[in-house]
Amino acid sequence: MINKTLFFTYFYLFVYILLSSGVILYNKWVLSPKYFNFPLPITLTMIHMGFSGAVAFFLVRVFKVVSPVKMTFEIYATCVIPISAFFASSLWFGNTAYLHISVAFIQMLKALMPVATFLVAVICGTDKARCDVFFNMLLVSVGVVISSYGEIHFNVVGTVYQVTGIFAEALRLVLTQVLLQKKGLSLNPITSLYYIAPCSFVFLFVPWYLLEKPVMEVSQIQFNFWIFFSNALCALALNFSIFLVIGRTGAVTIRVAGVLKDWILIALSTVIFPESAITWLNIIGYAIALCGVVMYNYIKVRDVRASQSPAEIIPDRMTKDWKFEKRSSDLYVADNVGNNGGNGSLSDMNFDEEAPLISSSRVSHIGRMQLANHATGK
């Protein structure tokens, strides 16, 4: 039984890494003028949002795979709408970056995610400024700067788009914690798509109408149904793989998988897209940034485990019952998801983004929501 459990655990992690990397590379191939040549990132993101929202509707309302949460108009207006706005923005900017910079460099820039999340959390009052975390953030920033300096095809526009998308995702994560935690809502990847995908679609319609609709009317843009259907299907499958991973692994395993996925993605991107060559300075800078990310993850995991210790505050019998009732999914915390570089999953929201670690006993819905994006198409 132990071997079978381990087999399925690693199998789900493998599927997650495969789908997460595949969605990002697929998006790059579709958007790149050198390949499929569909340079309309907002349109692609809207396709992901519409498809995911429709499937989520059937799963929730028709097939009743999961039950919807008690959603009032007040909660929707004050929580779902602002979160959807930043989610849509992060996908829009993240996917647009594919038009200007390489996948490898995007992954290196995404090491800034913990920096952005920490800064936003401190400003919003959900986290405190600490010297040890500040040192890690400084190390990550220095590594990203070195990696950017070594980028052969450095593009200011693409870099600005990606960094803006990172901060939009950081705002989304903090808003998720601040707003939904107050309401006591718990959203898994399916219910997250059910509520957020349609709202994000509406938000994306405005920039699409102003920026991309005129281009589609003038240019001869090719539209292949099977290409976009398979692309959206991969993004949706990524969300389901995240759903499985949540219940099978803990925070440390998920974070290690996220780091491994980044390295695999960087290597694969240089093979699939020869123009995205990397230099030794890129690698050194990213390695430095990764050291900061690993240290940051260690601090967060340590803090969460310390805060979860029930020994001094829970009677012995209650402690025993708590241990028996605790599931593997309860160990999961908000992590990178997000945005997955604009893959369109609510998760990508994030394994990739290295968002702050938060125990499920405090905000379990954040982990589930975040794991649900960056995919629809990030």
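This is a predicted model: local features need pLDDT of at least 70, side-chain atom pairs count only at pLDDT 80 or more; totals for chains, interfaces and linings use all residues.

Trainee: Let's start inside, then. Which residues touch the most other members of the largest nonpolar core?

Mentor: That core has 46 residues, and the ones touching the most other members are V30, V103, V140 and V144.

Trainee: And which elements give two or more residues to this core?

Mentor: They are α1 (2-31), α4 (103-109), α5 (113-124), α6 (131-149), α7 (156-183), α9 (225-246), α10 (251-272) and α11 (280-308). There is also a second, separate core of 30 residues, and V69, F87, L179 and Y195 are included in it.

Trainee: Back to V103 for a moment: what does V103 touch, not counting residues up to four places away in sequence?

Mentor: With those set aside, V103 touches I24, L25, K28, Y98, L265, S269 and F273.

Trainee: Now the helix pairs. At what angle do the axes of α3 and α8 cross?

Mentor: The axes of helix α3 (residues 73-97) and helix α8 (residues 189-218) cross at roughly 55 degrees and come within 8 Å, which makes α3 oblique to α8. The crossing is right-handed.

Trainee: Which residues make that contact?

Mentor: From α3 they are Y76, V80, I81, I83, S84, A85, F87, A88 and W92, and from α8 they are Y195, I196, C199, S200, F203, L204, P207 and L211. Sorted by class, the contact has 15 nonpolar, two polar and no charged residues. F87 and Y195, which belong to this contact, are also among the residues of the second core.

Trainee: What about α5 and α7, how do their axes cross?

Mentor: Those axes come within 9 Å and cross at roughly 50 degrees, and that makes α5 oblique to α7. This crossing is right-handed.

Trainee: And what is the make-up of that contact by class?

Mentor: The residues are M113, A116, T117, V120, A121 and C124 of α5, together with I166, F167, E169, A170, L171, L173 and V174 of α7. By class, there are 11 nonpolar, one polar and one charged residues in the contact of α5 with α7.

Trainee: Changing topic to the loops, what does P39 touch, leaving out residues up to four places away in sequence?

Mentor: P39, in the loop between α1 and α2 (41-62), touches L31, L99 and I221 under that condition. P39 and T96 are 57 residues apart in sequence, whereas their C-alpha atoms are 8.4 Å apart in space. The relative accessibility of P39 is 30%, so P39 counts as partly exposed.

Trainee: One last thing, about backbone angles: what is the phi of N37, and what is the phi of K64?

Mentor: N37 has a positive phi of about 65 degrees although it is not a glycine, and K64, also a residue other than glycine, has a positive phi near 55 degrees.

Technical notes:
Residues are numbered from 1 along each chain as its sequence is written. Side-chain values use heavy atoms; hydrogens and water are left out. A nonpolar core is a set of buried Ala, Val, Leu, Ile, Met, Phe, Trp, Tyr and Cys residues joined through side-chain atoms within 4.5 Å. Buried means under 20% relative accessible area, exposed over 50%, partly exposed in between (1.4 Å probe, protein chains only). Contact means heavy atoms within 4.5 Å. Axes are lines fitted to C-alpha atoms, for helices over the stretch in contact, and angles run from 0 to 180 degrees between N-to-C directions. Angles under 35 degrees count as roughly parallel, over 145 as roughly antiparallel, 65 to 115 as roughly perpendicular and the rest as oblique. A crossing is left-handed if the near helix is turned anticlockwise from the far one by less than a right angle, and right-handed if clockwise. Ala, Val, Leu, Ile, Met, Phe, Trp, Tyr, Cys and Pro count as nonpolar, Asp, Glu, Lys and Arg as charged, and the others, Gly among them, as polar.
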